[in-house]
Amino acid sequence: CPIFTFIFGSASSLSLGTPDHMQGSSITQLISGFFKGMSFPLVSIAVYNSMVFGVFSNTQRIISQHRYGNSNHPPALTDLALASMVAGAFSVGIGGPVDLIKIRLQMQTQSFLEGKNPKTAYRGPIHCVGSILRQEGLAGLYRGSAAMLLRDVPGYCLYFIPYTLLCQWITPEGCLSPGPFSVWLAGGLAGAISWGTATPMDVVKSRLQADGVYLNKYKGVLDCISQSYHNEGLKVKDYGQSMQGGRSPEVKAASTLLLPCQLWPVGRRSGSRGTAR
């Protein structure tokens, strides 16, 4: 969560970069500033990851059953891609509100000055949800969902496919499933690939979700991209990249390692090696 606070601070263009945002958080809000918005994702992240990984695995099994008559048949690359796209679309439905609340709470590490007094919009996760529902309705909880969809659908394709292929490559011949080290290594490398390509759209998503607390700056995804490029140039696509690069491999590796029942058997069922062609 402290790392995500730095990432969001850079992506929202409220700071000059990682060192600047780190200094601002540590001086103005001390330790508490590093953990803004932590309680809500801490409660929901395990359920979120389990559901997304489960949707991917179950979708892949359904595809294999439909195409090959056997749910344990090794998946083709097209099967993995389709299952990843379904998982990415599903993640927006349950992850959009979680991300929105997390970002709204974390953006309060940046002081919004009205006169000389800092203004705090939300007192906590429950108050944040209530305020959004009162002011914007249910649709308000899905602000930025279009950008999140554009981030997660290709992002999960670039996570699950490399993960599966890497697991097959580094798992010794004759093993029915990859060991913990193989899962950890494949998950970390796949996470780096996924987030490295997803960061530009993640910047757009974060800005749209932060928008609307004190003012409405963007009209949509295209307007956000246009304004960001006009004001900051191509460098905007790399905001938060350095911290994201340090965060995502460890997070993805840990998530994959802790959810073996969903992912470990992929591509290695029935003693088969490699994906189907």
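This is a predicted model: local features need pLDDT of at least 70, side-chain atom pairs count only at pLDDT 80 or more; totals for chains, interfaces and linings use all residues.

Modeller: Residues are numbered from 1 along each chain as its sequence is written, and side-chain values use heavy atoms, with hydrogens and water left out.

Biologist: Which residues touch the most other members in the largest nonpolar core?

Modeller: Among its 19 residues, those are Val52, Phe56, Ala87, Phe160 and Tyr163; a nonpolar core here is a set of buried Ala, Val, Leu, Ile, Met, Phe, Trp, Tyr and Cys residues joined through side-chain atoms within 4.5 Å, and buried means under 20% relative accessible area, exposed over 50%, and partly exposed in between (1.4 Å probe, protein chains only).

Biologist: And which elements give two or more residues to this core?

Modeller: Helix 3 (39–68), helix 4 (77–106), helix 6 (145–170) and helix 7 (180–210) do, with helices being DSSP runs of H or I, at least four residues, numbered from the N terminus. Helix 6 gives the most, with seven residues.

Biologist: New topic: is Asp99 buried or exposed?

Modeller: Asp99, which is found in helix 4, counts as buried because its relative accessibility is 10%.

Biologist: What does Asp99 touch?

Modeller: Not counting residues up to four places away in sequence, Asp99 touches Met148, Arg151, Lys205 and Gln209, where contact means heavy atoms within 4.5 Å.

Biologist: And Leu150, which helix is that in?

Modeller: Leu150 is found in helix 6 and, at 48% relative accessibility, counts as partly exposed.
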